Amino acid sequence: MNDAHDLGGHPPWGHPHFGGGSSGDAYRKDLHTYLWGLLLAVALTVVPFAAVYWHAMTASSLWITIGVFALVQAVVHFRCFLHVHPPHENVDEMLLVLFTVIILIMMAGGTVWILGNLHSRMY
Amino acid sequence: MSLTQFIFGRLSLHSLPFWSAIQHPTIENIVNDTIASGAASMVIVGAVATAGLITYFGKWRYLWTEWLTSVDHKRIGIMYIVVAFVMLSRALIEAVLMRTQQAFGLGGGFLSPEHFGELFSTHGTIMIFFMAMPFLIGLINFVMPQQIGTRDVSFPVMNSISLGLTVAGAMLVMISLVVGKFSTGGWSGYPPYTETTFNPGVGPDYWIWAVSLSGIGTMLTGINFAVTIYKRRAPGMTLMRMPLFTWTALCTSILMIFAMPPLTVATVLLALDRYLGFHFFTNGLGGNMMNFANLFWLFGHPEVYILILPAFGVYSEVIPAFSGKIIYGYTSLVLATMVIALLSFTVWLHHFFTMGQSAAVNATFGIATMMIGIPTGVKIYDWMLTMVRGRIRFTVPMVYSLGFMMLFVIGGMSGIILANPSIDYQVHNTLFLVAHFHNVLIPGLLFGMLAGYHFWFPKAFGFRLNERWGMASALCWIFGFMFAFFPLYALGLLGFPRRTVAFYNPIYVPYLAIALFGGVIILAALACLVIQLVVSVIQRDQNRVPAGDPWNASALEWSVAAPAPEYNFAVLPEVTARDAFMVAKEHGTAYLPPERFTDIEMPKNSPMGMILCITGAFAAFGLVWHIWWMVGIAMLATIGAMIWHGSLRDYERIIPAQEIREDYMRWLKLVHDAHPVSRDHEIEHDNAGLADLHETMEAAE
Amino acid sequence: MSGNTLDNPGFRLRASYHHVDREGEVMFGFWVFLMSDAIIFGLIFATYATMVRATAGGPGPKQLFDIGSVAIETSALLLSSFTYGLASLALRYHAGRWAVIAWLAVTLVLAFVFLWFEVHDFLTMFAHGGSPDRSGFTSAFFGLVPLHGLHVTSGCIWMVVLIVRMLRKGIDEDVRLGVQRLALFWHFLDIVWIAIFSLVYLGGLV
């Protein structure tokens with residue numbers, strides 16, 4: 001089943017065709033989601049980079065800043081780029097991601113705890 | 001690098017199994033190399049004989065089109081089980097060899113330490129990765145899509161690829177008998193022993209790549225099964241209407257998806273250490289070998305639940321069927337399965353209590369480990385309560401189930417003992433541990449697989465297995481297991497370490513002699529299984545069950561013909577209850593023709609499984625022997641095949657409605673003409689696969 | 001012949017063809033694969049965290065990491081996620097294959113920028129004595145970051161294959177599903193990169 005729209009004569013950067021107003025609205029809404037995602041992600045990246053580059057705070061504050069901004073940016077990616085957020089018809093996908101996060105916390109967290117404990121008993 | 005080194009890598013005449021006997025003809029070398037060469041010869045003779053027989057009977061085309069390129073989940077399942085049986089035979093022989101060595105091991109014995117090391121390493125690796133996993137994956141493959149009322153798994157070609165990768169890994173382990181020596185590092189392959197400092201040869205590399213190939217195959221299988229169960233259940237089959245075997249298949253596949261990655265990480269990081277000089281697990285320069293144990297058991301613990309859950313699923317099907325009742329406590333069994341699956345990710349440290357963690361860390365994981373015993377106990381009670389007030393028939397699957405219930409509980413209890421870190425410090429890495437895990441694996445996993453094999457064999461091939469030889473095998477397994485492993489509990493408590501080639505205290509000898517006796521009985525059990533299959537094939541016409549329901553069982557797979565048609569169901573069922581087929585039988589509405597037949601789309605055959613099997617095997621062999629050109633070509637061929645496969649567009653074929661109608665009506669007529677048998681007569685020749693519905697309907701009232 | 005169509009207990013055999021939602025199934029399967037990949041990355045991250053101080057007297061993060069280069073890589077990859085999003089939109093709203101191909105090509109260029117700077121970083125690290133065989137820390141670094149780079153490379157190969165398919169045969173159902181799956185893959189890799197630049201690079205330079 002080939003997609004019928006082949007804009008052979010148009011330049012590749014030309015604007016896409018839309019149906020009536022409703023799909024045009026949907027397109028704009030989707031596009032705004034991506035644009036917001038990009039803007040937020042850039043902001044959430046620049047701040048921790050700047051903070052580290054200019055040693056703007058104490059080491060532990062920097063760690064917290066980096067961590068929080070990273071988590072928030074991950075959520076932005078999930079919501080704006082991957083379209084995974086409640087309430088949504090992709091309930092299965094969201095549950096899967098949450099389950100994976102739990103497993104990751106147990107596995108990675110457990111690893112760090114165990115090896116940290118071993119390390120502290122080595123010296 | 002010379003031309004020979006480029007072409008052959010580090011493969012040379014030294015790699016042949018009899019080389020050291022020729023170079024240094026000591027008694028030890030001659031004895032060990034003779035055994036090794038004997039094993040190598042069996043591999044070569046076996047391969048040549050198989051190829052020869054296929055050629056003699058002119059069956060290459062049949063094999064290719066009907067089996068090797070088939071994407072039918074039933075065929076793939078059967079092939080997995082064939083692999084499992086072949087590898088079971090090899091690993092059992094290795095086990096008896098080790099038992100023999102230990103029985104005569106006072107002061108030395110006949111096996112060299114290195115040979116013994118290879119034996120316990122291949123025994124464990126084969127049993128876990130190339131016997132147990134293929135067996136359970138094969139059973140789930142065969143049964144689950146039929147139980148949920150669909151025609152195939154979600155990704156049939158990927159299913160074939162998983163099989164191909166597993167077979168490639170198995171071939172690598174078989175080839176290790178002919179050239180080179182397998183790892184002596186056990187099935188867990190701990191560094192720094194398996195680093196190049198201590199093992200520069202091919203052994204650990206054989207282990208790494210065999211396990212990696214199998215692991216990738218299993219990961220893909222887990223994805224396949226999970227998506228199938230999530231997305232392809234028949235209309236009306238809610239999760240709580242699924243048969244219990246499917247529930248355990250779902251939880252098993254979730255475990256596979258999340259437990260195989262840690263194994264991949266562990267083996268790949270070890271490979272980076274060995275091939276590129278990294279320092280993940282080395283002794284010096286910042287390596288941390290304790291992380292390997294951590295990563296390996298992050299895989300290893302969920303792995304053992306991958307092994308046991310499908311067996312639990314089999315028991316949940318077999319025990320109700322041969323008690324003449326519906327399973328007791330369905331909801332509690334579902335909850336118990338889910339709890340076991342979740343908890344299995346929280347206990348992995350109990351495999352290395354003695355590695356040096358503080359008591360607090362050990363206690364946390366010890367308590368978590370003891371908690372896993374609770375849902376398992378719930379299951380045992382549910383199975384026992386299923387049997388209460390039932391009419392028990394002592395068929396082969398039921399005998400395995402009874403053996404399981406009595407023996408597995410002992411193994412579970414020894415596990416609870418080991419869960420206590422203080423006790424574990426005393427018995428860790430002794431034969432007590434070996435007794436524990438064989439006690440849960442053999443009566444748990446293996447009996448379940450063998451029960452499932454007997455239970456579903458008629459559905460696969462259309463005729464029942466011979467009951468008498470099956471009973472002989474089951475009894476030999478039960479008693480052989482007890483003789484072989486109960487002495488090991490005593491030996492462990494007496495201080496006998498595991499993986500020990502020789503010893504000097506004669507107090508151990510009587511126990512080891514009994515254990516050897518048990519091993520011989522287990523060999524007899526294997527022989528009975530082989531004889532049973534031969535006899536059953538010879539007698540197949542007398543034991544045909546074409547109507548499809550030889551055991552008067554309750555799930556959907558029994559509602560179709562035996563052997564099942566390629567497309568499973570002429571019309572996909574709409575399910576309205578749990579135990580759908582039994583409910584239909586009780587109300588007299590089974591065996592009715594559907595409203596209308598439509599064309600069925602089935603996937604076409606695909607060579608991808610075979611292609612990736614071959615490229616995978618060559619890539620792995622090249623990596624082991626440092627034949628880099630072979631690795632390069634194999635990887636390019638793999639990528640090329642995947643790109644080619646992605647470009648295919650014509651991958652389905654149509655089975656016309658007319659053909660389906662004819663097959664269905666022919667079967668329906670057969671059902672109507674068949675003589676129904678009551679449960680008491682199901683193992684007699686006149687069981688045509690039609691249950692006596694009067695008995696069933698009376699029982700329902 | 002009313003057959004098995006009444007409110008039959010157990011099951012019934014109507015003729016209604018049970019249509020499987022192939023797209024939903026394929027996408028869900030790919031999500032599951034991504035989650036197993038996430039576990040692999042997560043464990044290698046955890047390994048890195050436990051080995052970041054195992055420099056064995058050799059160079060550590062502060063000696064080897066170049067924040068400017070990382071900033072460029074981060075920008076390139078983030079922007080490439082956005083341009084892939086535009087490709088996804090072009091696909092969803094039937095803008096025709098040339099629009100999709102164009103945005104994918106831009107994404108590819110940005111990916112090459114990312115990879116170029118990353119390989120350059122690695123070579124610079126080697127020159128400063130930070131090769132993987134130097135210490136546990138460098139091993140852990142080179143186990144993690146090139147793994148991400150290999151994933152990006154595989155994604156690029158896949159992208160090229162899809163572009164070639166679209167050029168030759170236009171957009172059909174299989175290509176559509178391929179672009180959608182690669183979209184998931186691509187965004188997932190950007191999320192992994194967030195973790196890398198945060199925990200490895202920025203964290204190492206704190």
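This is a predicted model: local features need pLDDT of at least 70, side-chain atom pairs count only at pLDDT 80 or more; totals for chains, interfaces and linings use all residues.
**Extent.** I began with the contacts between the two chains. On chain B, 59 residues are in contact with 50 residues of chain C. I then looked up the buried area, which is about 4,600 Å² between chain B and chain C. Carbon and sulfur atoms give 65% of that area. I also asked which three residues supply more than any other three to the area that chain B buries against chain C. They are B:Glu574, B:Glu595 and B:Arg649, with 13%.

I listed four salt bridges across the interface of chain B and chain C. I checked B:Arg649 again here, and its side chain meets that of C:Asp174 in a salt bridge, at 3.3 Å from N to O.

**Elements on the chain B side.** I went through the elements of chain B that each supply at least two residues to the side touching chain C. Among them are the helices α8 (203-231), α10 (290-323), α20 (628-647) and α21 (657-673). Which element gives the most to this side? It is α9(B), with eight residues. By class, I noted 36 nonpolar, 15 polar and eight charged residues on the side of chain B that touches chain C.

**Strands.** Last, I looked at β1 (574-575) of chain B, which is also one of the elements supplying at least two residues. Two bridges join β1(B) to strand β1 of chain C, residues 11-12, and the two strands run antiparallel. I looked up the partner of B:Val575 in β1(C), and it is C:Phe11.

Notes
Residues are numbered from 1 along each chain as its sequence is written. Chains are lettered from A and ligands numbered from 1 in the order in which they are written. Side-chain values use heavy atoms; hydrogens and water are left out. Contact means heavy atoms within 4.5 Å. Buried area is the accessible area (1.4 Å probe) that two parts lose on being put together, summed over both. Helices (H or I, at least four residues) and strands (E, at least two) are DSSP runs, numbered from the N terminus. Ala, Val, Leu, Ile, Met, Phe, Trp, Tyr, Cys and Pro count as nonpolar, Asp, Glu, Lys and Arg as charged, and the others, Gly among them, as polar. Two strands pair if DSSP finds at least two bridges between them.
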